[in-house]
Amino acid sequence: MKINELTKPWSAFNYGFLDESAKREIRRRTLKAVAIPGYQVPYASRDVPIARGWGTGGLQVTLTLLKPDSVVKVIDQGADDSVNASSIRKFLAKVGGATETSDTTEATIIQSRHRIPEEKLREDQILVLQVPNPEPLRPVQPDMSIAREMHGDADYGQLWLILYEQLVRSGRIMQGSSYPSMVNGRHVMTPSPIPRWDVPKLNQADHLTILSAGREKRIFAVPPHTSVEPLVFDDVPYRVEDHQDKTCYRSGVEGFFMNELPQDDGSSLYELSDSHFGIKSIRKAEGEPVTLGETWYKNGRME
Amino acid sequence: MADAFFDGRTPAIRHRPPRLMTAAPILTMGGISRTYGDVQALRSVDVIVYPGEVLGIVGESGSGKSTLLRMMNLEDTPDAGTYHLALPGRVDDNLFTLDRFQRRMLRAHHIGIVYQNPHLGLLMKHSSSGNVAERLLIAGERNFAALRQRAREALDASEFPLTRMDARPSELSGGMQQRVQLAKAIALEPALLLLDEPTTGLDVSVQALVLDTLKTLQRDRNITMVLVSHDLGVIRTMADRVMVMRSGEVVEQGLADQIFQDPQHAYTQQLVHAKL
Ligand SMILES: Nc1ncnc2c1ncn2[C@@H]1O[C@H](COP(=O)(O)OP(=O)(O)OP(=O)(O)O)[C@@H](O)[C@H]1O
Ligand SMILES: [Mg+2]
C-alpha cells in the first residue's frame, strides 16, 4: 500500500474554499439563527480572500450553501456589474463550480449588499445579505454584553425613544436604511442597510434570508413566512422612499426603487436601482423573449 | 407570571380620591442584610410601609439608606431577607426571587424612583418628554399622540413648565431635572414612589418648591412614598412615620411627631437636638 492511496489527492483548495470544519461551524450557527428568527448568533468568522468590510460575512455563508448546481447572483446596491460583486461571483464559480447569473429568477443563491431584488423571491431561493453592523441597539448601548441582555429581556424602550425623539425634533422619522424591525414578534434586528423600500419584502416572504456580519461575527436569519415589522407608532404609518412615481430614464419603467442621478442643471434623473431588472425590461420592450418575474411592488405599491 | 406585568398597555393617569389608611401594609421587608466586602451595609433590617403614607428614612452618611432603597427598587439582592409588595392581581411571593426581566417589568409598572443625582435617573441627551415617554414605551404604549399626552400630563403634575417639555435635561436647572425625574417616576401611577435625597444639592428656595410639589402629589393622589434624606427638616415636612438608621441598623422608628418630640434612642436624641 502506498502513501498516496491512503491520503486524499492533492488539490489547491477545498470545495467551496472553506475547510469542512469552517462550513460545519457556519451551518450549525445558521440553523440556530433560523430556529430563533432575528436572534444574532455568534460564529467563528474565517479569513476569505477579500478584505473585511467587503462582504466577508455574506461570502462565508454563500460558500457554505454552495453546491455544484448552484446558480449565483451577486449584487452591490442593486448592480451586478460592480467590481466587488463580479469578483465575488467569479470566485464562487471558481471554487464551487457554480453557474453565474444576473437574472434574479434564475438564481438559487443571491448574495447582496444594500438591496433586495424587485422580483419576488421563491421558496427555492436563498437571499444572503451582507451586514456591516448587526446590532440595532448599538446607538443606545455601546456595551455589547449589556445589549445582549437587553435583547434577552426584549428591552427595546430606548429604540422606540429614538423614533419618538425624531418625531418631536423633525416631525418625521429620520431613520433611512437599516430600519430596526421586529422579527417574529420577539427580536429586533437591523435588516442591514437596505432602504425602507425593501424592508416589507422580508415580511412573510416565501424565501429564506440569512444575514451575516464577518467583522462582527454574527449570523441572523429570517425564515420563510416569518413576520418582520418595522418599529412604528400606531398613529404614524411606516413610509417607504417616495419613488413610486419616478420613471427610469433608461427603461421607462416606473414604480420601483431608483438611483437618483443629479444633473448639472439642478434637476435629477432616475434609473432603476435593480440594474438587471432594468436590462430585462428594456429587452422585453424591444421584443426579446425575456421573462420578468412577479414583482413585490405593483404600480409602486406593495399590498 | 411575568405576563401579569407585561400586559402591553396600562391606563392613562387616573386621579383617585385619597384612600383611607388601611391596616394591611403595601410593603413588607424582613431581615434584610447586605455585606459589601467587609462593610455590613444592612443588618437584618425590617420595614413596613402602609398604603398612602410617607415613610421617612434618616441617618448619617453611610448608614445604609440608599442601599435599602436600592433593594426596594430591586436593583440589588440582599444576602438574606424577604420583600413583599401587596399589588392587585399579583401572587404574593418574595420579590428577590424574581429574575431580571420580571424585576424590570415590576419596576416599570409599579415602582417609581427619583435619585439625588439626575444622571442616574435621566437620559441627558433625550428630551424631557422623551424621558417620561420611555417609561410608557417600556410599558407598551405605542401611540405617538398618546405618548405626548401622557408625558405632558405627568410633567404637568410635577409642576414642570410645559413650554420646555422638549428641552434636554442637560439644558435645565437642577430643580427642573428633579421634576423630570418625578414625572417619569409617576407617569404610570406607581404603587410605590422611592425618593433618594430628591432635594439635596438644590437651593433652599428651589428645594421648598420641589417639596411642595411632592406634598401636593401626595395629597391629591395619595401615593405611597419612601423618602430618604439626612436632612431632618425635609423629613419633618414630609414624613408621616420616620425610621432612623445607623451603621446598617434601624435604631428607632415611629410616628414623625413622636420621633421629633420625644426621641427615645440616644442617637436619635443627638440628631434631633443637633437640628433644633
Ligand atoms: N455597591 C457597593 N459596593 C461596595 N460598598 C457599598 C456599595 N453600596 C453601598 N456600599 C457601602 O455600604 C454603606 C452604606 O452605603 P449607603 O449608600 O447605603 O449609605 P447612605 O446612608 O445612603 O449614605 P449617604 O447619606 O452618604 O448617601 C457604605 O459604607 C457604602 O460604602
Ligand atoms: Mg445615599
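## Close-up views of a predicted model

**View 1. Elements of chain B in the shell around ligand 1.** The largest share of this shell, four residues, is contributed by α1(B). In this predicted model, 13 residues surround ligand 1, and the closest of them are B:S61, B:G62, B:K65, B:S66 and B:T67. By class, the shell around ligand 1 is made up of three nonpolar, six polar and four charged residues.

**View 2. Polar atoms of chain B beside oxygen atoms of ligand 1.** The side chain of B:S61 places a polar atom 2.5 Å from an oxygen atom of ligand 1, and an N or O atom in the side chain of B:K65 lies 2.8 Å from an oxygen atom of the ligand. At B:S63 it is a polar backbone atom that lies 3.2 Å from an oxygen atom of ligand 1. On its own, ligand 1 has 630 Å² of accessible area, and the protein covers 62% of this. Two elements of chain B, β2 (39–49) and α1 (65–72), each give two or more residues to the shell around the ligand.

**View 3. The contact between chain B and chain A.** Chain B brings 21 residues to this contact and chain A brings 18 residues. The area buried between the two chains is about 1900 Å², and carbon and sulfur atoms give 55% of that area. Of the area that chain B buries against chain A, 34% is supplied by B:R100, B:R142 and B:F144, which is more than any other three residues supply.

**View 4. Polar and charged pairs across the interface.** Three salt bridges are found across the interface of chain B and chain A. A salt bridge joins the side chains of A:E149 and B:R100, with an N to O distance of 3.6 Å. Across the interface of chain B and chain A there are also 10 residue pairs in polar contact, both residues of each pair being at pLDDT 80 or more. On the side of chain B that touches chain A, the elements giving two or more residues are α2 (100–110), α4 (128–138) and α5 (144–157) of chain B. The largest share of that side, six residues, comes from α4(B). Sorted by class, the side of chain B that touches chain A has eight nonpolar, five polar and eight charged residues.

**View 5. A salt bridge between two strands of chain A.** Over all chains, the structure holds 35 salt bridges. In the salt bridge between A:R113 and A:D76, the closest N and O atoms are 2.5 Å apart. Because A:R113 belongs to strand β4 (residues 109–113) of chain A and A:D76 to strand β2 (residues 71–76) of chain A, the pair ties together parts that are 37 residues apart in sequence.

Note on methods
Residues numbered from 1 in each chain as written. Chains lettered and ligands numbered in written order. Predicted model: local features only at pLDDT ≥ 70, side-chain atom pairs only at ≥ 80, totals over all residues. Heavy atoms only, no water. Contact = heavy atoms within 4.5 Å. Buried area = accessible area lost by both parts, 1.4 Å probe. Salt bridge = Lys/Arg side-chain N within 4 Å of Asp/Glu carboxyl O. Polar contact = N/O pair within 3.5 Å; in protein donor to acceptor, adjacent residues only side chain to side chain. Nonpolar A, V, L, I, M, F, W, Y, C, P; charged D, E, K, R; others polar. Near = heavy atom within 4 Å. Areas by Shrake-Rupley, 256 points an atom, 1.4 Å probe, with all protein chains shown as cover.
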